[in-house]
Each structure stands twice: as C-alpha cells, then as structure tokens.
Amino acid sequence: MRMLLLLLSLLVTPLVWAQATGPLIDALGTDDFAAREQALAALTETGDPAIVPALKALEGGALYRRLADDKVLIGREDGDGIALTDPLTGTALGTEPAGNVALIRVNNRLRRAIGASLGALTLRSPDAAVRRTAAEAVFVSRDATALPPVDTALATETDAKVKRSLEQARAAILLADDTLPTDTKLASIATIADRGGQAALALLNPLTGSTEPAVAKAATEAVRLIENKLAWAAAAQNIIYGLSLGSVLLLAAIGLAVTFGVMGVINMAHGEMVMLGAYTTYVVQEVIRTHAPGLFDWSLLIALPLAFIVAGGVGILIERGIIRFLYGRPLETLLATWGLSLVLQQAVRSIFGPTNMEVGNPAWMAGAFQVGDVTITYGRMWIFLFGLIVFAALMLLLRRTPLGLQMRAVTQNRSMARAMGIRTARVDALTFGLGSGIAGLAGVALSQIDNVSPNLGQGYIIDSFMIVIFGGVGNLWGTLVGALSLGIVNKLLEPLAGAVLGKILVLVGIILFIQARPRGLFALKGRAIDH
Amino acid sequence: MSRPDPQHTQLYLDGVSVSFDGFRALNNLSLIIMPGEMRAIIGPNGAGKTTMMDVITGKTRPDRGTILFDGDTDLTQMDEAGIATLGIGRKFQKPTVFESHTVWDNIDLALAGKRGPFASLFHRAGADDDRILAILETIRLSARRHVLAGSLSHGQKQWLEIGMLLAQEPKLLLVDEPVAGMTDAETAETARLLREIAQTRSVVVVEHDMTFVRDLDVKVTVLHEGSVLSDGSLDHVSADPRVIEVYLGR
Amino acid sequence: MQGGILLPRLDRAGLAFGAVALGLAILIPVLNLGIPADSPFHMPPHVVALMGKYLCYALLALSVDLVWGYCGILSLGHGAFFALGGYAMGMYLMRQIGPRGMYGHPTLPDFMVFLNWQELPWYWLGFDHFWFAVLMVLLVPGLLAGLLGWLAFRSRVTGVYLSIITQAMTFALLLAFFRNDMGFGGNNGLTDFKDILGASIQADGTRSALFAASAIALALGFILCRWIVRSKLGRVLVAIRDAESRTRFLGYRVEQYKLLVFVTSACMAGVAGALYVPQVGIINPGEFSPANSIEAVIWVAVGGRGTLIGSVIGAVLVNFGKTLLTNALPEIWLFALGGLFIAVTLFLPRGIVGLWTDYWAKRREKQAASITPHPVTEGP
C-alpha cells in the first residue's frame, strides 16, 4: 500500500527537479565513504522526493555505477547481467554485463544516514498522504535519529492529520528516552494515549511500571482507556462479521420464507436449490473461462439470472410433480422433499463428482477496506448488500405486483381466491418457483464464500428453518431480523465460546426460544391462525 | 349495570376484554348464566361469540376481566383440560370427533373419570358399558356404535359430539352453532336433544339460525362488537331498534 | 384409520411376531454355533452381526412408530436417543478395555491419553459397572426426551415445528460430540472394544448372545408398544393425533400423554442403540446426523405407520436393500433411498401393511357383498 502511494507520488513529481538532482546522484558513485555521506547530505538538502528510489536502492544494495560514464543507476540482477533503470525517471536502460557496472557499497554509518535521510525526505514530500505514511513509519521505528527531521517537519507542517501523526511519532521517540523530564513524558503519554490502538498499547505498557509515580499512573490510566476502546472496536468488528454471516443466513432463508413462511410447504430440498445455484455459477465460470475469459468479472452477474431460472425451474417441477399432491400433509411433504434432496445431491455428485468445485472471485469481490478500526472485505460487503436487495425486491414483488397480490390471496384463503377466478394451481407453482429461484440466487452468493460441493445445501437447511421459525412464520421482516440477529449473536458468542460451541449455544437458544414463543419473534396473533 | 353477587351463578363474566393486534374481539363483556339456565347467544359475524367461548374454556386468555365458574373458581388462570374437568363442556362449530375411533370409543374417551395417562394405561375395559349404551341411546347412535366416527354423516357427527359432551357430565355446556349444515328434521331433533340436556345443567348455545333459536324458546343475548347489545326474550330483542340496526342497518 | 376393525387382525400378527422373534433368538445362534462351518446351513458370524444390526434398527423404528404413528409426533431426532444409548454402552465397553489400550493406561481410554488428560472426567465414573451403563442407556435418552418434551409439549409446539426442533436437537448434539473436549472421543468416537461382561466381543458365542438379546429386546419392545396402544392410553394418543384440541376440551392433559409416550419411545431407542454398538463395534458422532433420524422415519413409512409391525418390516426390508445396493451399486443407493421417500409418501401413504390390510378388507367386503346383495346402508 505504502509503495503504491510512493509510486503515485513519483508520477506527479515535476520533471524539472530531475535535471537538478541528476548530477548529485552521480556523486554517490565516489569510492570514499565520507564523500558518499556528503553526497547523501547534499541530496537530502534538495528535499526532492524523486531521489527516494535511489536511496532505497542504495540501502538495499541495488545501486550501481556504470563504469563507462560513471552514471549511478538502479540495477537488478538479470541472469548473468544487471538490468539497469534510471533512478529518477524509472526508464529501463538495458542490461549490462556484471563486469561493466560496480555496486555502490554502504557501511553501517551510511546506512543509518540513509534511513534518516529517507525519513526526512518523505516527511517533506509534497503529497500529504506520503508525509503521513512517513510519520507513521517513524512512529513504528521509534528511531531517535529521525527526531530532528520530525521536528523540522512539524515546524512547517500545515495538514492537521499529518501534524498529528508527526506529533505522535515524536512522542513515541521521546518515550523511549528515560532521561527526559517527567512533564515531557506525561505530554508524550497523553499524545500516544490519544492515538490508541495496539501499537500505542505496546508503547505504554512498559511505562506502567515506571519508577516515577506520575508517569506510571498516567500510563496505567492511558492503557485502561485504550484497552476499553480496543474492546469496543473488537465488538464492532464482531458485529460486522455477524452482519455478514447474518446476510448469508438471510440469503439462504429468504427463499424458505416464501415456500415455508408464505405457502406453508416444508421443502427439505431447499438447500439443494441453493446448491444448484452455486453449481450454475460454476458452469457459467467454466464456459467463460474456455470461451470468453474477458467476461470473467461479469460471471456472477451472468450467473444470477441463470441460477434463478435453473433453481426456479426445478422448483416448479418439484411443485407440479410432488408437492401439489401433498398439500395439507406437511409431515409427508417433509419426507418426500427430504428424499428429493438426496436424489438431487446424488445427481450432482454423479455429474460433477464429489469434490469441491473451483469457483473464482471476480476482482471486485476481492480486497478489503477499513472503517475506523474495523476491516470489511468487499466480498462480504457485496453479499450483505445483495441480501438486502433480494429482500427488498421480494417485498416489492409481494406487495406491489398483481402476482404478489394473488400469492397473498391464495395463501390466506385458497377457496375464496379460487372463487374469485385466481388460478390457484398456477399461483402455487409460481410461488414455489419464486422461493426456489431466490434460493438459486443465494447459491450464486454462497459460491463465493463456501465450498461448492454436493453437500453445500445441507449445511444451511437447519439454520434456514430455524431462522424462519424464529422470525415468525409468514413474516418476511421477521426473517430479516431473525437472520441478522442470529448472525450477530453467533459471532459475538464465538470469541467467548469457540465457533462450534457458539453454534450449539445458538441452536439450543433457538430451541428454548421457540418453547417460550412458539410462533416466533413477530407472531401474528388471533383466532384465524389457530390450526 | 348493577353487578349481581356472583355467588350463586353458574358462570359469571365481568368486564372481559380480549384484543388481537389492536382488534377488540371482546370489549368489556359481562354475562351471567344461572345454574340450570339455557341461554341463546346471537350476533352478527365478528360479534365475539366464538372468542367468548374461547376465553371461557381457556383457549384464549383475556386481557382484562373476571370469569368465575360456580361462583368462586377463577377460570382465567386455568388451562383447557383443567376447565374441562371442572365441568365445562364445549362443542365446536365444526363437528370434531375422533374420526379413526369407533362411535363407542369416542363416547368411552369422553366419559367422566380419571384423566391422567397412568390411569388410562391401567384402565379396565368394560366397566362403563352401561353408561355408554345409555348415552348412545340418547343420541340415537346405538346401531352404529362399531362404525368409525369418520364414516358418520355430518348430522350424526354433531350428535356424537353432543353425546361426548353428555358423557363428560358437565355442569355447563357451551354449544357453538350446533345445527349449521343440518337438515330441517335434524335441526328439530337437535333442539329436542338440547332441551333435554338443559333439564339437568346450564347450556349456552351460540347460533345464527333464528328458527332454531325460536324452537329453543329461551332467553336470548345479542352480542355486538364484543359486548352485550341487548338481552331478553327473542321477541323482545327482535323489537330492539339497536338490534335491528346492527342486523339490517348500514 | 387403523382403528377398531383392523385391531383383531393386527393383534394376531402381533402375537405371531413375539413368537417369531423369540424363535429367531434361538434359531440363529443354533445355526451359527451348533452347525459346523462347512455345512450349507451354517450361518457365518458376520451375517449374525448384520441381522442383529437389523433388529436394532427395527427396535428404533418401533420407537419412532409409537410416537409418530400413534401420537402424531414426527420426531426427526430419534437417532439422537439411539446414539446416546449407544454412547452409554460404548463408555462401558471402553472402561472394559482397561489397561489393554494402545497406550496401556490403567483407567484412561486411549483418546484421553492422546489428549493428555490426567484423570477420568466425572461423567465417566460408574461406567465400569454394567448395571450403571444399562441404567444410563435408559436414563440419558429418557431425560433428554423428558426435558425437550416437557418444554415443547407444554408450549404446544406441534407438527413440523416440533420436527424441526428435534432435528435441531440432534444437529446440536452432532456438533457437540465432534468436539474433543466433550470427552467422548471426538471425531473418532469410541471403538476398539475388547469384551462385554467378561466375554470377548469378537467371539462367535458373544455375537450370537448379542443377537438373541436384540431379538428379545425387540419382542419386549413390541409387547410394550402393543400394551400401550391397545390400552385406553393408546386410544387417547390416537385421539390426540387426530384432534388435539378436542382431546384437551374433554379434560385430557395432552402434554402429559405426549411426554409419557415420548420418553418411553426415547428409552426404547436408547436400548436399540446400546445393543447396536457392541454388534458393530463402534459409535461415533455420525450417528447423530439428522439424516440417520430421518431415515428411521422412512423405514416406518415404508412399513406402514401406526401399525407397529409395519415399522419392523420396513426397517428390516429397507436395510436389507441398503446392504445389497451399497455392495453392488453404491452410487445408486442414495437415488434409491430418495426415490423411496418420494414414492412411499406419494403412492403408499399407509405403507406395506396398509396395502395388505386394504387388500384383505376389500376381499372381505366382496365376500360380504356376495352373501348379502343389498347391504344395509343408513340414511344420509
């Protein structure tokens, strides 16, 4: 990350500087260590951040003098020769045989000087982000030689954030020096405490045992504050993890909320609809890989409608072929669909094999970003958003479309709906297809974070049922709240009890909850729903 | 409305309210049934008739109000089975009998006696045959006693259910629409049966069928929006302008 | 459905069942022990063990039928009671190994030595006594069923809700028993048993005795179930199954009835598991898998729910089919099992026994019709 910023800053550096600093860099080619140090000081004087790569190369033993013209260049061993680049512009200058260049050596003294010079240079970079990164580097290294450049930089710094980082770096350096007066120490502790985080904790912890009571007290207090803050940050991180898990559970359960919650059909093969969605994603990616690799980043978006159609189509077949004969017999439906789940698993196993399938993440799913102390991966964020979008779309479909109206009419009063001319059989098939199709969509998302194997769905079926019941059957909002809260509770329990025990506790918790509120979190009350 | 002393009443409801998600099914309902009294309850759909049955029999808990049985037993704290063993029988709107049991077994299961699982496990068959026969005679199903209840006609099921209530020997019978779906002959027969039953116990009948209510010839209470709108003889309440408005108006 | 008119016929079948089971308990050991190994009538020991396994499954199916067929409680967690009974027996068998384990520790089972445990956890105490293990075989499943049932029936959790809760229960136990720190051998479970009641577990005589014990346990279980379902209690159970709230309004405390029969059934399942473990030689957390419990339900459905004998027939037939298929065409088995679930629920809702009784009922009707050409029917 830091390298990236450095490179960016190099690109924007005006080229004029390069002409002035060029000869100064060549001065580093001298044989005398003392002269080299002077050359380094002269370079540092320029304050030109463009020399940073050259200094780094010098420090890392990759700066060479070309014997032909005494030019100092950055080199990289390339086979028998040395590949050379211009230290300022980065342009490649071809490969010379090793005998045509001489490595510029450094001793310890020079190496320290280079470190300080690098710090000072980047501290004066025109780019605030680079300056801040440099200050952070000083904070971590706590190198006393960096103190003068930090002080110089502090005197001229105008950016508030960079200034804070500089002050913190300064305080970190000062804290290492036990000979300083108590007041300075206290001020430094205050600055570090203000910063917070694990690094600050590492700096302050040794001071809690200081012989100076005031320092020890201040440090102890600061440590307590920071630990408190860290605990909150950890909780926040866990809640983010929990929301992420919750969105996965939501995706798995939301289709079931339609088939089980709205229609009252116990579909034990629901997990297999999810699995079909995941395998659809796999097939789409395979086709893209062999025929149009450029489309890979689009693979998930292409897979979504296909997964919906595949799972939804299979769902409609199941409804027409099996479930419609079993309406009003929930326990039989449960058994038949369980049998179906075995058949589907075995079918997929026979076609694709029992092993996990490789489903790749598109570029936009990879990586992470930071909010405060909390890290969020893009993959998890997209899945969370996707879960909410699917939920919202389903809500709109049920509330705002004629099909949704018919679905609600049929589930509330079948015979009345039929009497009003609604083709209930068709609505049943479509509703079941909708629920299954949503499961297929969930499969696309889950293919990104879980193993795509024939057993994929089995891992979600019990959780999904528990969530729908927990939230209150027939209540989509209940499913949303249920999934997210279970996800969060699960992740908050994990650090305390471990992953497996945490899950067991959640299961037992739901079992007990259902005893207390058999109709779930958001139960409909009244005479009509009683049996 | 003056509040009579609950002491000598069979059933005493005072200020009973129930609401479902904001909908007031019962609204400050007060009702008194005396021992040996037969009462007909009428009212339009949604008047709270079935909910009233539910709160008396313990299926639904009232939000507020007092329900006393025999003047002193608080029903709001008891479950269905406890209330049933106290001596309150209930007939559902839809006839509910045990369809995979014979007519005989249906009555046998309903007979007053010990209700615990171990008592049932060690129960000796044949001890109560005379009582069962007598009840089958009353409900005119003696000839079909070995037939599965599921194969009875609709009217026969209604009678079997009434027979089961008799076997329970309740002090108070709650009957929900006993003649719905019956032929005229069956209806008349049912009215006769209920009057016979009412000679020895209190009966509350909820009914829509006005001919049937007239046949019963008892005091009528009209419910509307969860509370009592009017009561008296059928002629009296039919003349009540508020009742007329509820049934015909709007 | 399977009420009064069918009972006499089924009862005859029931009595015959007891006799057949006891006959098997004698016959099979004789075929195994009494006949020389080169005779075509000799029964090899692995077949004895296999048949013993079927009988344990039959007892499990019987326990499922008692709650599902007669009381309408579709338990998807009976495999958990089976496995708990099995673990209780397995713990006894582990203690019997004594110092003969791989690590030679005098009291600790191998897996505890492997995990560096210093002493036996408190819940392993007592399992060196057979009587204690037998007590736990009944008590542990019974208590769990009692607790779950008390909670669920009291709050009137019924139908699929109850099914899913029981499934969640067995799933939670599956996860729990996979944990090493539970002290039940984790993933590998309990195995490497040496002897039972002093007799080597591998010996032919022990296998035959275990088979006989399974047959007798099945017969006793069957007689117990017959007794329950033919008593007034059984009729109350069917009443609950068909019209729960009617039963309540007659004054029956439905939850007490359900609890009694659920606990009884769980104890039976525990016994089945306890007999199963010494015959297969291992118990591991896989036995808690929800799939196992639901498979037991399909045995009952195949045979015919609410008939008792059907559950036994179904368990033996399906498992025999499983043995044949998994040997010959392993990849077909799940198709066959899945297809069986679907076919039975769609086309054979009353199972094999239902098919049989329907056939006889129709024949009898035909005969009756031929004697009285105008059957007396009541008015509408």
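In chain B, four strands form an open sheet in the order 2-1-4-5, with antiparallel pairing. Strands here are DSSP runs of E with at least two residues, helices are runs of H or I with at least four, and both are numbered from the N terminus; two strands pair if DSSP finds at least two bridges between them. Strand 2 (23-33) and strand 5 (73-74) of chain B stand at the edges with a single partner strand each, so one side of each has no neighbour in the sheet.

The model is predicted: local features need pLDDT of at least 70 and side-chain atom pairs count only at pLDDT 80 or more, whereas totals for chains, interfaces and linings use all residues. Residues are numbered from 1 along each chain as its sequence is written, and chains are lettered from A and ligands numbered from 1 in the order in which they are written.

### Strand pairing in chain B

| Strand pair (chain B) | Sense | Bridges |
|---|---|---|
| Strand 1 (residues 11-20) and strand 2 | antiparallel | seven bridges |
| Strand 3 (residues 38-42) and strand 9 | parallel | four bridges |
| Strand 9 and strand 10 (residues 227-232) | antiparallel | five bridges |

Leu11(B) stands opposite Ile33(B) in strand 2 of chain B. Helix 1 (residues 49-57) of chain B lies across strand 1, strand 2 and strand 4 (64-69) of chain B, and runs at about 65 degrees to strand 2 of chain B. Angles are taken between N-to-C directions, from 0 to 180 degrees, and axes are lines fitted to C-alpha atoms, for helices over the stretch in contact.

Strand 9 (residues 219-224) of chain B has five of its six residues buried, so this strand is largely enclosed by the rest of the structure. A residue is buried if 20 or more other C-beta atoms lie within 10 Å of its own, exposed if 12 or fewer do, and partly exposed in between, with C-beta atoms placed from the backbone. Val220(B) in strand 9 of chain B is opposite Ala40(B), while Val222(B) has Ser230(B) in strand 10 of chain B as its bridge partner. Strands 9 and 10 of chain B form a hairpin with two residues between them, and Glu225(B) in the turn has a positive phi of about 50 degrees.

Helix 8 (residues 232-242) and helix 10 (residues 254-280) of chain C pack at an angle of about 115 degrees, with their axes 10 Å apart. These two helices of chain C are therefore roughly perpendicular to each other, a term for angles of 65 to 115 degrees, with under 35 counted as roughly parallel, over 145 as roughly antiparallel and the rest as oblique. Val236(C), Leu237(C) and Ile240(C) of helix 8 meet Val254(C), Tyr257(C), Lys258(C) and Val261(C) of helix 10 in this contact, for which the C-beta atoms, placed from the backbone, must lie within 7 Å.

Ser245(C) lies in helix 9 of chain C. This residue counts as partly exposed because it has 18 C-beta neighbours inside 10 Å.

### Interface of chain A with chain C

In the contact between chains A and C, 34 residues of chain A meet 38 residues of chain C. Helix 14 (330-352), helix 19 (458-471) and helix 21 (499-516) of chain A each supply at least two residues of the chain A side. Helix 14 of chain A gives the largest share of that side, 14 residues.

Conventions
Contact = placed C-beta atoms within 7 Å.
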